[in-house]
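Let's take a walk around a protein model together. Have the sequence and the 3D view ready, and look things up as they come.

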Amino acid sequence: MLETSGRLLKLLALLQSHRDRDRSGAELAEQLGVSRRTLRRDIERLRELGYPVHAARGAAGYRLGAGASLPPLLLDDEEAVAVVVGLRTAAEGTVTGIEEASLRALTKLEQVLPSRLRHRLTTLHRATVRAGAAPAPKVSPDTLMAIAEACRRHERLRFDYATPHSPSPDPHPPEPSATSRATPRVRTVEPHRLVSFDRHWYLVAWDVDREDWRTFRVDRLVPRTPTGPRFVPRALPDGDAATYLAHRLSSRTWPFRATVTLHESAASVGERLWPGMGVLEPVDDDRCLLHLGAGTPRDLAWMITSVDADFTLEASAPPELADALLAQATRSLKAIRRP
């Protein structure tokens, strides 16, 4: 009985590790060291235990399907470590409401971990601290799922949206007061993609009223139900949602914007840019364009020179940027000038 139980666990692990294709009966029988007849009996035992093992038509193959309830999962050492680290990160993440569930799942998993893995994870946890990142706004998993469903179904989405100058929307707001006169605006969009960027969640969508692409902070919106009519998806200007969002955040939303020609290839310069700094546009093997923005000309000059590459300002660059670069160069010359 013990040998059969161990064989069933190994068979289940083999089926779970290849969910994208059918496993032939001959292949499974060989890996388990049993006959085809014994394999068929083991498949039937798994089905009796509630595992939906499907047989391929016209071939002696098997595949593990999705069941009505989540069956026990068999994880190898690397998978178990990855799941634990992911759960701990989720418990400290930006999606509200899943912290408790993450901790419950983490507790269950750690209780059954082998001692060798428990020691490794404890060592990693004690030696790691989170630093350098301000607390990010929390978003509701229900809000994320509502947006994701509208994206998948290609259905228009209506939501209350609070700008930085108005109070954040609240699905359970307090009683209105005399001092809270600003109200969130109702927006109607064709949702395209959700993007997680720099500890924030963004929705990239086509704004129906403004007839243009827009980005929305998910922590500032509350979806309205039901969703609207279906729509035909449009093509994004920059090819994909992540690139479009990076372009919006790095240049178009800042008061001072510039495009510079860097005299290096985009491949070599790309490693020196931090996320959200700017958008690179390849020109040839020796040049690329960098589109970026900042709050002040001085910050813009610092960002450009921090790339550590020869550059040329485009004609559209603001004149204040040239003054800031000149001031920075003069300050540097004074610092190294010998008496």
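## Loops, helices and charges

D308 lies in the loop between α10 (297–306) and β12 (311–313); helices (H or I, at least four residues) and strands (E, at least two) are DSSP runs, numbered from the N terminus. D308 has a positive phi of about 60°, although it isn't a glycine. That's worth a second look because most residues other than glycine have a negative phi. D308 counts as exposed because its relative accessibility is 61%. Here, buried means under 20% relative accessible area, exposed means over 50%, and partly exposed is in between (1.4 Å probe, protein chains only).

Before going on, keep in mind that this is a predicted model: local features need pLDDT of at least 70 and side-chain atom pairs count only at pLDDT 80 or more, while totals for chains, interfaces and linings use all residues. Residues are numbered from 1 along each chain as its sequence is written, and side-chain values use heavy atoms, with hydrogens and water left out.

E211 sits in the loop between β6 (200–207) and β7 (212–217). E211 isn't a glycine, yet its phi is positive, at about 55°. With a relative accessibility of 61%, E211 counts as exposed.

Now for a peptide bond. The one from T225 to P226 is cis, with omega near -5°, whereas most peptide bonds are trans. You'll find P226 in the loop between β8 (221–224) and α8 (241–252).

Time to zoom out. How many helices and strands does the chain have? There are eleven helices and twelve strands. Of the 339 residues in the chain, 35% are buried. The accessible surface of the chain comes to about 21200 Å², and 53% of that belongs to carbon and sulfur atoms; these areas come from the Shrake-Rupley method with a 1.4 Å probe, and for residues only the protein chains shown count as cover. Contacts tell you about the fold too: a contact means heavy atoms within 4.5 Å. Among contacts between residues at least 6 apart in sequence, 62% join residues at least 24 apart.

Let's look inside. Is L321 buried or exposed? L321 counts as buried because its relative accessible area is 0%. This leucine is found in helix α11 (residues 319–336). Leaving aside neighbours within four places in sequence, L321 is in contact with A258, P297, L300, A301, I304 and L313. Take L300 from that list: L321 and L300 are 21 residues apart along the chain, and their C-alpha atoms are separated by 7.1 Å.

Next up are the charges. Side chains of opposite charge can pair when their charged atoms come close. The structure holds 14 salt bridges, each one a side-chain nitrogen of Lys or Arg within 4 Å of a carboxyl oxygen of Asp or Glu. Here are some of them, with the N to O distance:

| Salt bridge | Distance |
|---|---|
| R152 and E149 | 2.9 Å |
| D219 and R217 | 2.8 Å |
| R287 and D284 | 3.0 Å |

Start with R152 and E149. They are separated by about one helical turn because they're three residues apart in helix α7 (residues 141–153). R152 counts as exposed, at 54% relative accessibility, while E149 is partly exposed, at 29%. In the second pair, both D219 and R217 are buried. In the third, R287 is partly exposed at 37% relative accessibility, and D284 is partly exposed with a relative accessible area of 33%.

Salt bridges can also share partners, and that joins R7, D42 and R45 into one network. R7 lies in helix α1 (residues 2–16) and counts as buried, with 14% relative accessibility. Not counting residues up to four places away in sequence, R7 touches L32, V34, T38, D42 and R45.

One last stop is on the surface. R36, R37, R40 and R41 gather there in a patch of positive charge. Patches are made of residues with over 30% relative accessible area and no salt bridge, with like charges joined within 9 Å. Lys and Arg count as positive, and the place of an Arg charge is taken as CZ. R37 is found in helix α3 (residues 36–48) and counts as exposed because its relative accessibility is 61%.

Methods: Patch = residues over 30% accessible without salt bridge, like charges linked within 9 Å, V, L, I, M, F, W, Y side chains within 5 Å.
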